[in-house]
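Subject: Handover of a structure and findings

Dear colleague,

Please find below the structure that I am handing over to you. My findings follow directly after it, arranged by region.

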Amino acid sequence: MDRASGKILTMKQEHLVWPIASLTKLMTADIVLAKKISPKKMQSVLKADDVGGAKLFVRDGDKFTIDDLFYAMLVGSANNAANALARASGDSRESFVARMNARVKELGLKQTVFVDPSGIDPANVSTPIELAKIANVAFTNPQIKKYTTTPVRFVRVVNTGAQKKIKSTNLMLTKPEFRTASITGGKTGYLEESGWNFVTTLRSKTTDVKRELTIVIFGADSRLQSFEDAKKLSEWAWKSYEWK
């Protein structure tokens with residue numbers, strides 16, 4: 001998708017309803033940030049927040065700043081950080097998920113459904129075209145853009161002083177073979193039911209603001225394949241199309 005105009009440059013099964021896995025976290029971030037919680041506020045991560053999958057390895061009750069939990073959720077895709085942030089909003093789990101679903105209705109999306117804040121449940125679903133629209137909204141937020149373009153981040157356990165290194169799950173930020181474009185946003189997702197999902201916004205170079213793309217890939221056979229496909233699609237688009 002040409003991000004500026006919304007024009008679809010190429011598509012395949014764009015209306016296929018698919019488990020989106022941790023791409024769900026983009027909507028979780030959108031809802032929590034709308035609450036205007038201070039990034040310096042402390043929030044505990046509870047044992048109950050651990051639902052499996054990627055996570056912060058912490059003790060029950062360890063505390064982090066809201067800012068660091070966002071890094072853990074969007075850089076490292078930590079599921080317990082996502083659940084801790086949802087709790088920090090002040091909503092019950094049910095109310096928080098209701099807000100997520102109300103938000104996609106606001107955006108005019110009819111095939112996207114959320115059932116939990118982390119994406120661990122395969123019943124969190126969307127379509128490629130609707131997920132592209134969610135990504136375009138999310139990556140317009142400067143805070144989400146900042147978090148999702150951070151390759152590595154150290155977060156601090158407030159109550160112990162321990163530091164934890166969080167490395168981005170997005171190899172387009174960390175692997176030299178993929179660092180041929182300027183990444184302006186990105187999120188990965190994986191479940192056995194979904195395969196490897198990836199959404200990114202990118203430019204051929206930082207100053208190439210007119211030719212920014214949004215790329216959505218669902219169900220790649222491997223983690224590496226999702227990034228290779230995104231790279232090939234972006235290079236094809238910049239070579240095949242002219243921007244006025």
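Helices (H or I, at least four residues) and strands (E, at least two) are taken as DSSP runs and are numbered from the N terminus. The model is a predicted one, in which local features need pLDDT of at least 70 and side-chain atom pairs count only at pLDDT 80 or more, while totals for chains, interfaces and linings use all residues. Residues are numbered from 1 along each chain as its sequence is written, and side-chain values use heavy atoms, with hydrogens and water left out.

An open sheet of 3 strands has the order 7-8-9, with antiparallel pairing; two strands are said to pair if DSSP finds at least two bridges between them. Strand 7 (182-191) and strand 9 are the edge strands, each pairing on one side only. On average, neighbouring strands of this sheet are turned by 10° against each other, direction ignored. For this angle, axes are lines fitted to C-alpha atoms (for helices over the stretch in contact), and angles run from 0 to 180 degrees between N-to-C directions.

Strand 7 pairs with strand 8 (residues 195-203) in the antiparallel sense over 9 bridges, and the two form a hairpin with 3 residues between them.

Strand 8 is largely enclosed by the rest of the structure, because 8 of its 9 residues are buried. Here, buried means under 20% relative accessible area, exposed means over 50%, and partly exposed lies in between (1.4 Å probe, protein chains only).

Helix 7 (residues 223-240) lies across strand 7, strand 8 and strand 9, and runs at about 145° to strand 9.

Thr 214 is found in strand 9 (residues 213-220) and counts as buried, at 3% relative accessibility. Its side chain makes a polar contact with the side chain of Asn 136, at 2.6 Å. A polar contact is a pair of N or O atoms within 3.5 Å; within protein, one must be able to donate a hydrogen and the other to accept it, and residues adjacent in sequence count only if both atoms are side-chain atoms. Not counting residues up to four places away in sequence, Thr 214 touches Met 1, Arg 3, Ala 132, Asn 136, Thr 200 and Thr 201, where contact means heavy atoms within 4.5 Å.

Arg 3 is found in the segment before strand 1 (18-19). With a relative accessible area of 17%, Arg 3 is buried. The side chain of Arg 3 reaches the backbone oxygen of Asn 136 at 3.2 Å and makes a polar contact with the side chain of Glu 212 at 2.9 Å. Beyond four places in sequence, the residues that Arg 3 touches include Phe 139, Thr 184 and Thr 214.

The largest pocket

About 610 Å³ of space lies in the largest pocket. Of the 23 residues that line this pocket, the closest to its centre are Thr 10, Met 11, Lys 12, Val 216 and Leu 233. Helix 5 (128-138), strand 9 and helix 7 are the elements that give two or more residues to the lining, and strand 9 gives the most, with 6 residues.

The terms are set on a 1 Å grid over the protein atoms alone: a cavity is a set of points where a 1.4 Å probe fits but cannot get out, a pocket is an open set with protein on both sides within 12 Å along at least five of seven lines, and lining residues have an atom within 4 Å of a point. Grid points are joined across faces, edges and corners, and a volume is the space filled by probe spheres set on the points.

Leu 233 is found in helix 7 and is partly exposed, with a relative accessible area of 32%. Not counting residues up to four places away in sequence, Leu 233 touches Thr 10, Ile 215 and Ile 217.

The cavity

The structure holds 1 cavity of 30 Å³ or more. The largest cavity has a volume of about 50 Å³, and its lining residues include Val 32, Ile 66 and Tyr 147. Helix 1 (25-34), helix 2 (66-74) and helix 6 (142-148) each supply at least two residues of that lining.

Yours sincerely
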